[in-house]
Amino acid sequence: MNIQTLFNGISLGAVYALIAVGFAVVFNILKFSNFSHGGLMTVTAYLGFYVATHFKANLPITIIAAMLGGGLLSLLGELFAFRKITINKSPTIYYFVSSITLGTLYENLMTIVAGSNFYGFPQFFKNSNISIGRATVATSDAVMFLLSAIALFILMYIIRKTKIGRALRAVSFDRDTASLMGINVIFTIQVAFFIAGALGGLSGVFLGVNYTIYPQLGQLVTKGFIASVLGGLGSLEGAVIGAMLLGIVETILTYFVGAGYTPIFVFIIMLIFLLVRPIGIAGSNVQEKA
């Protein structure tokens, strides 16, 4: 193993972190794991591909379009799939069923619209590799890591230092009390979904750039969910830490045992870890309601 392999793992972990934080933001507010996030990532990856190929857009414009599209699509999902459940204070299982149904709808729609073919993003970089010391790193990996770190830093600042961030934390702790204190709970939930959707759009583009686009691309959301569980469901910091560790471990395992066996070892490691520390790395006190 060399420095290049380690950096590849960190870059991959940065993308997993975007997915995991998208999970954690919604989980914090509504206490359920939003599995439609994978389907949303698929739609935004295709959206980014369409903008990049049909409008000859560069990477920043492609990312902005995908993030805005992801945020708006997430808002529509909240309105039609989850709003009534929230207002009626229905059991969490209804959120789970709606999220699975919505994610399946997204994937099937993209299969109808784009077919089952594989697509690749155009080349955004003149130089495909850059040198960092003795290591040669893919430019896309370096850009992924940099932009992911910036996005996560901005999100953490919003959560910790802004008025809307305080509202998000208050609603996460107790929706009823937050409402009595004058916080617009529905608007705060919409903000959480928009943030999650925007992060889904960013990760969708990154996954499309590094891999290929196909209707089942959203299945990679499983990695983000694993990272979120390892970090501690509901903990944003834990989600980032879990994602980074997952990306590094996955890359190292691929180097030593090959890509075919890596998923097996990843799930074994996750199960062992959860047996030892079921509350996750950060030990979040956010618990999913029955």
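Helices are DSSP runs of H or I with at least four residues, numbered from the N terminus. The model is predicted: local features need pLDDT of at least 70, side-chain atom pairs count only at pLDDT 80 or more, and totals for chains, interfaces and linings use all residues. Residues are numbered from 1 along each chain as its sequence is written, and side-chain values use heavy atoms, with hydrogens and water left out.

**Exercise 1.** State which helices each supply at least two residues of the lining of the largest cavity.

*Solution.* A cavity is a set of points on a 1 Å grid over the protein atoms alone where a 1.4 Å probe fits but cannot get out; lining residues have an atom within 4 Å of a point. Step 1: the search of the whole structure returns two cavities of 30 Å³ or more, and the largest has a volume of about 60 Å³, the volume being the space filled by probe spheres set on the points, which are joined across faces, edges and corners. Step 2: its lining includes Ser74, Glu78 and Tyr106. H3 gives the most, with four residues.

**Exercise 2.** Describe the lining of the second largest cavity.

*Solution.* Step 1: the volume is about 30 Å³. Step 2: the lining is made by Leu59, Phe125, Ser140, Val143, Met144, Phe206 and Val209. Step 3: helices H5 (139-161) and H8 (185-210) give two or more residues, and H5 gives the most, with three.

**Exercise 3.** Find the residues that serine 11 touches, not counting residues up to four places away in sequence.

*Solution.* Step 1: serine 11 is located in helix H1 (residues 3-30). Step 2: with contact meaning heavy atoms within 4.5 Å, the partners are Asp141, Ala142, Met144 and Phe145.

Key: On a 1 Å grid over the protein atoms alone, a cavity is a set of points where a 1.4 Å probe fits but cannot get out, and a pocket is an open set with protein on both sides within 12 Å along at least five of seven lines; lining residues have an atom within 4 Å of a point.
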